[in-house]
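Here is a short report for a reader new to this structure. Take a look at the model before reading on.

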Amino acid sequence: MSRTPIYLHLSDPPTSGDAEASFNPSVRRRSALENQIEEALQDSYNGVCLSITNDEWRRRWTSLCLTTPSPAEGGTVPMPISDELKEQQRVAELWRVSDAFKKSELNITKLEEAENIVGLASEWLELDSPDEWVRQDSELALRQELAYASYLNVATVILPPPRNRQHVTDYARAINGCFASTPSVLSSYVYLSVRIPLSGIRKANRSGSVTPGSSGSTAAAPTETDVNEIWEMWDTIRTICGYNQRLSVSLDLSYPLPPSKPLLDRWNSEPLRYIFLSASAFVANNRGYPVLPKATQAFIRDVIKHHPGIILSGVDKGIHRTGGHTAYQQYIRYLEKTSPYVVASETLGTVENFATGYWDFLQAPLQVSKANIKIQIPLIKPSHKPLMDNLQSSTYEVFERDPVKYSKYEEAIYQALCDRAEDSHTIICIAGAGRGGLVSRCLSAIARSHRSANVYAVEKNPSAYVTLQEKRDTEWEGAVQLVFGDMRVITPPEKADILVSELLGSFGDNELSPECLDGANRFLKDDGISIPSSYTAYLEPVSSSRLFRDASNSLGDVKGAETPYVVMFQAVNELSTEPQECWEFQHPRHNAITDQNGLPLTNSHNTRSAHLSFHIPQAGIVHGLAGYFEAVLYGDVGLSIHPDRKNDVSPNMLSWFPLFFPLREPVYVPANAELDVHLWRLTDKRKVWYEWFVEAFYPTSVSPTDPPQSPSGVSNISEINAPPPPSPMVDALALSPERRFGDLREGDAALEMRVKIGQSSLHNPGGRSSWIGL
């Protein structure tokens, strides 16, 4: 994998001018900054980070904007002002119309200097100042800096951290204005990143602001309130900016990290671009070398998987006596090398190694209306639509690349055979044989069990059937009888004792395994068994800025946000404590009502619904729902992508990634809220589809001593001992009809209730955006 980029922060960049003079006009003279960048590259840095402007620009801006009255301060009564002040006001107004930098105000003056630079906007800009005119002039100054950065092709500009919770919306609007302005301030290739101190804004502002070289190693760890506040500010910024893909976050670790890991985990779901680390954030080990505190070590080892750039500052200040300025960079490389993600991704046979380069890409596994939709998001693995599509050979090859799945199937068949009498003869039918991967494992299980068996392989794909014939003649030595046709309509040569299929999807049933096996039930004897025998779907709410943005943009209109996607999760944060069970399918299905051909009269028996309630311990944004499955093949042999059990049931299995049900609108949930999730699996004569809906509640209680009700019969929510919610709606299910507020009597126990604070729309009604054809 590519190494984590590391940048050197230049807190005191050289003044503009030439370091090397040349009397030959054909030889370009190198600036002092270019020499400093070259030295950093030779020291194995990937580039440098420095402010685009210097203090001279700050002094001029201050004289223009802070020492002259604002345009709004004139009033109706004329006030005598000096000619000098009039001239200052005139110059300030001319600057507000249009102005250019003076060369002496800039740290970067040449295109050649900007090639390996991460730019910093002036940190003294107050986009969230309580003073409206300071905000306005700060925004104008920012636009001037960004326009100059675009001129020099600076790829990324890091913005100063927000400082004022009350005016963070002004900060966010100013940034969004830079993206949306006409004519454009920013070139289309320039990215912006908001610097966020993980210590929270209170600790950041004790010295005015957090700077890259500021000392924080002796500061107290931030409180949960500090950390929640700064995260909510970032959420406000990215929401107002419409989840712009050119906006990211850069975390400043200059101060100690919060003690709670869940507070840090939610940054895993954000677009992390850079991490600031000052030399003062390091501590000395027993030998005097700089190392990071354990909490910071663990955090960096974890977020390395998102490939953020590391910006080191103050490494030349001599804070640590051993190792010199390169020791900090070497230590970051050590953390990278020992990151669990890096270790796993470099180990053959692991899911991380298999999925390298495909994390967080969307794939639509369901059959959608091809007349109106064109997939635009890179796919991870091929779609599997067994009843409508004939798969390509390369698609089967991807499926067959997973040794874990096939070894589990072989073990299940082996145990099923061993449980039969030694002198028995077993008929095995493989429904959906593909290119024969499962057939080969079945023959291996028969050989291991020393049992007698006949094998039938059913396949409807005419091209794959040719491959099966080739293997029958060259590899299987005629031990397999092939049957061509759709398992729902063909007549089996004889009834089977064991029916084997691999029709499972990421949610268990999302590739129509129940419908396929309904048709194959005719192949089984009355006492026959199915492998798999059952599978269960699980669900949990998740947060992911990237998946929400990509799903919203993938298919246009509402369709992109109403299509479940197969995704290998990485930039995702699980909001609840664990997934919950939705429903289960069992096979074979007994006592079914069928027609004369043994097929179900309707598909209504395969509909399902789930109503789940999740406790949300930390505040977060619900961007969608993560779906998993767990299957019992036979006995104690199974398959699982359940995040808490997959490493015990089927470790390093590659065939299935989770299913992501996106939300069209993000739903905010405060700490200790409850999220109700409604999910339906529905069907008609032509198709199967999912619909989903979420509601957020804040739990509280009401006692007889609470204030009287409003005219509507509901207590005044703002006076209940709980944070006032955005919506006064009360969940009716929490209060029984006979226990209304008006019926409370002295001595009655407090009643639990839930205040509704948000909800989504109903997604994919009637299968309008995504469905699987029968």
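Buried means under 20% relative accessible area, exposed over 50% and partly exposed in between, with a 1.4 Å probe and protein chains only. Helices (H or I, at least four residues) and strands (E, at least two) are DSSP runs, numbered from the N terminus.

This is a predicted model, in which local features need pLDDT of at least 70, side-chain atom pairs count only at pLDDT 80 or more, and totals for chains, interfaces and linings use all residues. Residues are numbered from 1 along each chain as its sequence is written, and side-chain values use heavy atoms, without hydrogens and water.

Start with helix 17. Eight of its eight residues are buried, so helix 17 is largely enclosed by the rest of the structure. Among them are P514, C516 and L517.

Next comes a sheet. Two strands pair if DSSP finds at least two bridges between them. Five strands form an open sheet in the order 13-12-11-14-15, with parallel pairing. Strands 13 and 15 stand at the edges with a single partner strand each, so one side of each has no neighbour in the sheet. Strands 11 and 12 pair in the parallel sense over seven bridges. I428 has V455 in strand 12 as its bridge partner.

| Element | Residues |
|---|---|
| Strand 11 | residues 425-431 |
| Strand 12 | residues 452-459 |
| Strand 13 | residues 480-484 |
| Strand 15 | residues 524-531 |

Last, consider E752. E752 is found in strand 26 (residues 751-759). Its relative accessibility is 55%, so E752 counts as exposed. The C-alpha atoms of E752 and T700 are separated by 6.0 Å, although these residues are 52 residues apart along the chain.
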